[in-house]
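Trainee: Can we go through this one together? I have some questions ready.
Mentor: Go ahead.

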Amino acid sequence: MKKFIVAVCVFFQLALVFSQNFVSVPLDDEVYFILENAQIRGLCSPLSGAKPYSRDVVLNAIDEILSSEVKGFAGLTEREREVLLKVRSSFETPEEGWDWERFAYFGRESFSDDFETTLDLALSWDSFLTVTDSPRDFGTTNFGTVSVSGDLGNSFSYDFNLSAGALSIDRKLLQEAGNSDYPGLDGVTDVDIYEVTPYFPYTFTKMWDSAIFKLSNLAAYNNWPSGLSFGYVIESEMDLSLWDNRVSMRFGRLRRESGAMTNGGSLVLNGTARPFLGIDMTFRPMSWFELSSVTGILEYFNRDGLKGEGLKGSSKNKQAAYTNTMLEFRYKNYFHFDFGSTVIWSKRFELGYLFPINSDFFYQNNIGDFDNLGLFANGFVQWPGVGKLWGSLFVDEFNLKSKPFFNLDRNMYAFQTGVQANIPWLPFATFTAKYTKIEPYCYTHPFTDTPYSDYDVDTDYTNNGEGLGYYLDPNSDEILVRLETMPVPGMKFHGQYQMIRHGADFGYLGVDGSSYDSSMNYSNLSATKYFLLDGAYEWFHIFKAGGVFSLKLGPVPVDLFGEAGFVYSYFTKPDGTSGKFVKFEDNVYETSKRMIFSFGFTLYP
């Protein structure tokens with residue numbers, strides 16, 4: 001008991017050196033892994049299902065973990081305490097003035113006894129290189145970032161980040177738009193189809209905004225850095241938190257995650273989704289109940305550069321907004337259940353979707369069916385210290401009366417089930433195994449004729465050409481097994497195996513409903529699907545391992561990242577005689593074996 005009292009006093013004093021900062025912690029920060037592991041072990045109270053968390057929420061959770069009295073194999077070891085203290089120190093308020101070891105300036109000014117403002121101006125550099133041996137393709141991004149953040153009083157914070165630099169990413173054309181050899185699949189928009197070969201399958205996400213400018217001609221406006229190019233990205237936010245984080249609001253452009261049973265596992269709003277400008281609100285009146293919502297404006301993927309009508313021609317059908325509302329119920333660290341709705345709607349001043357304590361599902365019935373509505377639910381049961389078992393469901397559309405239910409295209413949904421366990425003999429170690437299935441046409445939607453726009457609006461579940469939900473394409477499934485650990489301060493390792501199967505969205509054996517550019521044909525609601533037996537399917541077997549290591553090169557802090565792995569992919573097609581599928585290969589559907597090596601570093605992270 002004496003140790004507990006001392007720990008509380010020490011950390012109460014340490015808390016005084018931290019500013020009341022409510023800006024969000026980026027989703028790729030290592031602290032999310034630590035918090036996930038701590039919740040499995042019962043070291044801290046359950047956290048919100050709406051991410052990212054603010055710095056203040058993260059600091060409170062870390063302090064709770066450090067003062068936890070959980071003993072035995074689930075308790076905090078001395079090695080883990082060292083790791084956690086190092087992570088916590090990264091949130092410490094710096095000394096005033098210029099700091100060469102941070103390459104940053106921090107200032108503070110008091111206007112009265114109870115109103116103080118701060119400003120933190122920081123610079124950093126990030127470089128990343130990935131290469132595959134067959135074919136010999138490369139991808140590299142090199143960005144410098146200027147960050148301006150701080151507080152206005154005790155409840156309001158702000159953050160502005162501008163990144164810009166050079167990049168070049170190879171990709172392989174699988175099918176050209178308008179190719180007469182492959183007339184296209186039913187309901188598929190006629191577009192070029194590519195594979196980003198230097199990256200592990202389904203891991204690439206755009207890191208530039210709008211478009212890029214090739215260094216060979218900076219006046220040109222392009223949609224892909226096929227040669228050395230210039231790009232930029234802006235993420236910013238303003239945050240308000242009241243009554244000990246029980247009510248919070250955020251207005252900003254950033255990446256978000258909602259309804260995830262494990263980091264990066266959400267079917268609803270995944271952390272891999274592109275950022276968008278939106279308003280986030282959370283309301284937590286009780287420890288066991290929370291309401292959260294986000295409403296924002298979706299962005300478009302400029303496929304055409306400045307061809308034809310230029311920006312207006314590329315974007316006129318992409319004028320859509322997004323709303324996600326979620327209710328969470330929990331009982332300590334033993335049980336969690338959440339449910340809610342999502343809406344993709346044409347941009348307009350629509351009060352109902354902006355109002356968080358309202359059902360989007362029923363509201364749509366009041367104003368007319370012009371929007372793309374989805375429903376979701378997630379839940380887990382947990383034995384603190386051991387692990388948890390969870391299930392997730394996202395419903396795009398289905399009809400319970402339709403038969404055969406599981407074979408009709410019109411029943412569009414995604415589901416996931418998994419188990420996550422604490423590994424007590426390794427510091428902050430977690431084992432995860434999960435299965436995810438995305439049905440054909442899930443996350444897609446036909447262009448919608450609405451009274452709010454002169455053009456049909458694309459209301460599919462995407463933002464800037466990438467999915468808002470799970471990172472797999474429609475008509476896919478995945479088995480994933482992953483081990484992660486943080487053995488010492490400043491070091492994190494992972495190892496992973498994935499098997500992914502996806503219906504081909506190109507070629508003469510392409511499968512309808514296997515792409516975000518697909519759309520359901522509602523004039524034929526009896527159309528059927530037979531996973532692995534209705535066309536060509538690509539199988540991926542992916543093995544990879546990597547880690548992050550933090551160190552100092554003289555006075556300069558550096559984060560090093562490295563990953564290596566092997567990808568074996570091939571295609572199967574239905575065997576017309578046996579009713580099963582067989583492996584095959586030709587000049588359209590090729591077998592591939594390739595190694596992928598990635599390396600990156602961040603100066604002044």
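Trainee: What joins the side chains of Arg 102 and Asp 120?
Mentor: The side chains of Arg 102 and Asp 120 form a salt bridge, 3.0 Å from N to O. The term stands for a side-chain nitrogen of Lys or Arg within 4 Å of a carboxyl oxygen of Asp or Glu. Before we go on: this is a predicted model, where local features need pLDDT of at least 70, side-chain atom pairs count only at pLDDT 80 or more, and totals for chains, interfaces and linings use all residues. Residues are numbered from 1 along each chain as its sequence is written, and side-chain values use heavy atoms, with hydrogens and water left out.

Trainee: Where do Arg 102 and Asp 120 lie?
Mentor: Arg 102 is in the loop between β2 (97-99) and β3 (104-112), and Asp 120 is in strand β4, so the pair ties together parts 18 residues apart in sequence. Strands are DSSP runs of E with at least two residues, helices are runs of H or I with at least four, and both are numbered from the N terminus.

Trainee: Is Asp 120 buried or exposed?
Mentor: Asp 120 counts as buried, at 16% relative accessibility. Arg 102 is partly exposed, with a relative accessible area of 28%. Buried means under 20% relative accessible area, exposed means over 50%, and partly exposed is in between, with a 1.4 Å probe and protein chains only.

Trainee: How many salt bridges are there?
Mentor: The count comes to 26 salt bridges. One of them joins Arg 250 and Glu 237, whose closest N and O atoms are 3.3 Å apart. Arg 250 is in strand β11 and Glu 237 in strand β10, so to speak distant parts of the chain, 13 residues apart. Both residues, Arg 250 and Glu 237, are buried. Glu 328 and Arg 330 also meet in a salt bridge, at 2.9 Å from N to O, and both Glu 328 and Arg 330 are buried.

Trainee: Which residues are linked in a network?
Mentor: Asp 209, Arg 253, Arg 274 and Glu 299 are linked in a network of salt bridges.

Trainee: What lines the largest cavity?
Mentor: The largest cavity is lined by 26 residues, and Gln 39, Leu 47, Ala 260, Phe 380 and Lys 388 lie nearest its centre. The largest share of the lining, 5 residues, comes from α2. By type, the lining has 10 nonpolar, 9 polar and 7 charged residues. Here Ala, Val, Leu, Ile, Met, Phe, Trp, Tyr, Cys and Pro count as nonpolar, Asp, Glu, Lys and Arg as charged, and the others, Gly among them, as polar.

Trainee: And α2, how many of its residues are buried?
Mentor: In α2, 10 of its 10 residues are buried, including Phe 33 and Gln 39. Just after α2, Gly 42 takes a positive phi of about 75°.

Trainee: Which residues other than glycine have a positive phi?
Mentor: Phe 428 is one of them, with phi near 40°, and Tyr 441 has a positive phi of about 70°. Phe 428 is in the loop between β19 and β20 (430-438) and is buried, with a relative accessible area of 0%. Tyr 441 is in the loop between β20 and β21 (447-448) and counts as buried at 2% relative accessibility.

Trainee: Last one. Where is there a cis peptide bond?
Mentor: The peptide bond from Ser 134 to Pro 135 is cis, with omega near 0°. Pro 135 sits in the loop between β4 and β5 (136-152). Another cis peptide bond joins Lys 403 and Pro 404, with omega about -5°.

How values were computed
On a 1 Å grid over the protein atoms alone, a cavity is a set of points where a 1.4 Å probe fits but cannot get out, and a pocket is an open set with protein on both sides within 12 Å along at least five of seven lines; lining residues have an atom within 4 Å of a point.
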